[in-house]
Amino acid sequence: MAHREVVAEPGRRVLMLGNVAIARGALEYGIGFASAYPGTPSTEIVEALSYASRKLGAPYVEWSTNEKVALEAAYGAALAGVPSLASMKHVGVNVAADPLFSSAYTGVRAAFVIVSADDPGMHSSQNEQDNRWYGVHAYIPVVEPAGAQEAKEAAIAAFKLSEEFNHPVMLRTSTRVGHTRVPVETGEIPLERLRAKGRFRKEIERTTLIPAHARRLRVELLERWEQIAERLSEHPLNKAEGPEDADVLVVGVGLGYRFAREALAMLGVLERVRLLKLSTPVPLPERLLLREIDGREKVFFVEEGEPVVETLTKSMLFDKGVHVKVAGKGNGYITRIGELTLEKVLPGMAKFLELDYTLPEPPRVELTPPPRPPVLCPGCPYRSVFYALRRAVGKARVRPIYSGDIGCYSLGVLPPFEMQDTLVEMGGSIGLANGMSHVVEDQVPIAIIGDSTFFHAGLPGLANAVYNKAPMLILVLDNRTTAMTGHQPHPGVGVTARGEETVELDPVRIAEAMGVEYTAVTDSFDVKGQEKVFYEALEYVKRERKPALVVARGACILLAIANARAQGVSYPIYYVDEDACTACGLCYRAFNCPAISPREDGKAVVDPLLCTGCGECAQICPFNAFKPGEEASMEWNRIMRTAKPR
């Protein structure tokens, strides 16, 4: 997606996603380097910066192979004196944790901001972790905008704080911040600063973390931490409102401020309670909090995620001998589950303030919308892969363990395929299959991993499988893009974030270089051809007790259609020959294509608005009931297999 608004001329009021506002803040500060691995809810930040880089010629922007590399790259640029940004979703920080901790010890020579986009409610993630704890653990200050309205200002503040102390800073956002559209006032973009080059200055005692150096740097780190905490006690992003002599203080941390303020207004006590907006939660701005808590009877915390500030404040108050009632998520007044909502904040706040308040009954809805479970897109190449693999597994008479991974193919966990038995983290498919392969006797692990994920975290597991002779089938689903996050390029497609042509890495050649003896490539849109290749690969694993790798290659159908439309190429729409159809249901039950549904008599019908012209239905129908409205052109067949991000 282009996000053209990120380069709007200065002095305008422009509607932007919170993520795009963060990108605009980075541009207005004047970064020279940005890197990321795409992951919801962070992706649009570097998408927008990528668009800006193409239009302005700067800053340098890249999609890195994974979050660790992205953080290391931006960290390296900052060590060379260029202001830098690394962006990732919350679980990506787990991947990048090693260099994150080290960056606090060495410090940096230009502003360095790490964006952690947390996902409370797990809209597109496997956990709800709150990465402010990383700030506490790694001695990385955290800036947290109070909503999308503050996203640009918070980004600029994070860069300025990092510049002031030559220290990395985390900008913590969340789904509602990044994916809310708000009007943003645009400022000047300093083009010359974006284009500035750096120079690495050799300073072995600071940038090489051997124990002798690291021990000294830790002393400096702790001293710097105290200075940062003192600075944050006067930071302009933090502000207090309401009567100074109020008995109750409510602390709204980041996005929690919006909910706290609205809840107080709905309870009718906004003018009687002191409200502190805290946008710099880590390190704890002790002087500010002690000043605001002094003389109060009660303190109530509202924060998105875990009770981080609440817990740290309790510890501080205990050490200072301050006795005051403190409540929030830590003692159950607000649930720790899911995102903040008024429905979650209001009852807890009313109880704490000893007010009678009952949530109004939600309006009764007479109509129940039909269920809409997630499903692979019509024409998705993964559907035919799962279908063919299931048939091959049956033919080979193996008991499979489907070790799954993160991507669109994660939907294979759902009926009718149910071919993701484990699904834990990026690269976990090959990693878990390594262990399983050595401890099971009558089962065959099948690691299913996407092309982008293969480059992200699959290579170490693959090396381990070869080295330790792990009998498993590794299936790389190559759809020519990082599809789940919006069709970003990766090292396997030969295009950079800036749209430049580059080398196209091949999973098969990489596997062979690592020592995999059995490799194969199959066409994701050729059902019978895939079945044959999968069967032969499984037989090899059973016979040789070694790993085999198969790449199933076929473009994401959405990308193929976009490419075809851009080139003026049409694709066929299929229909059902009613006389040939026997109402067996194979197409809409076992194959489960959303473009195909049953009539009342059970015969299949194709929705022409949903059909993508993949032709898979014609291959799986045993009665040849599916016909193309027009013959697929050679150009469409080529695009369907080779389309890639532009």
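Q: Which residue in E18 is the bridge partner of Leu 473?
A: In this predicted model, Leu 473 has Ala 548 as its bridge partner in E18.

Q: Why is strand E16 described as mostly covered?
A: A residue is buried when its relative accessible area is under 20%, and six of the six residues in E16 (residues 473-478) are buried, so the description follows from that cut-off.

Q: Which residues of E16 point one way, and which the other way?
A: Leu 473, Leu 475 and Leu 477 point one way, while Ile 474, Val 476 and Asp 478 point the other way, and all of them are buried. In a regular strand, side chains alternate between the two faces of the sheet.

Q: Why does Arg 397 count as exposed?
A: Exposed means over 50% relative accessible area, and Arg 397 has 76% relative accessibility, so Arg 397 counts as exposed. Arg 397 lies in the loop between helix H16 (381-396) and E14, and its phi is near 55 degrees, a positive value in a residue other than glycine. Most residues other than glycine have a negative phi.

Q: What makes the peptide bond from Pro 415 to Pro 416 worth noting, cis or trans?
A: That bond is cis, with omega near 5 degrees, and Pro 416 is found in the loop between strand E14 (400-403) and helix H17 (428-439). A cis peptide bond also joins Thr 40 and Pro 41, where omega is about 15 degrees. Most peptide bonds are trans.

Q: How many residues of each class are in the lining of the largest pocket?
A: The largest pocket has a volume of about 840 Å³. Its lining consists of 40 residues, and those closest to its centre are Lys 89, Ser 124, Ile 406, Gly 407 and Met 484. By class, the lining has 17 nonpolar, 19 polar and four charged residues; Gly is counted among the polar ones. Helix H4 (90-95) and helix H18 (451-467) each supply at least two residues of this lining.

Methods:
Residues numbered from 1 in each chain as written. Predicted model: local features only at pLDDT ≥ 70, side-chain atom pairs only at ≥ 80, totals over all residues. Heavy atoms only, no water. Helix = DSSP H or I, 4+ residues; strand = E, 2+ residues; numbered from the N terminus. Buried < 20%, exposed > 50% of the residue type's maximum accessible area, 1.4 Å probe, protein only. 1 Å grid on protein atoms, 1.4 Å probe; cavity = no way out; pocket = protein on both sides within 12 Å on 5 of 7 lines; lining within 4 Å. Points joined across faces, edges and corners; volume = space filled by probe spheres on them. Pairing = 2+ DSSP bridges.
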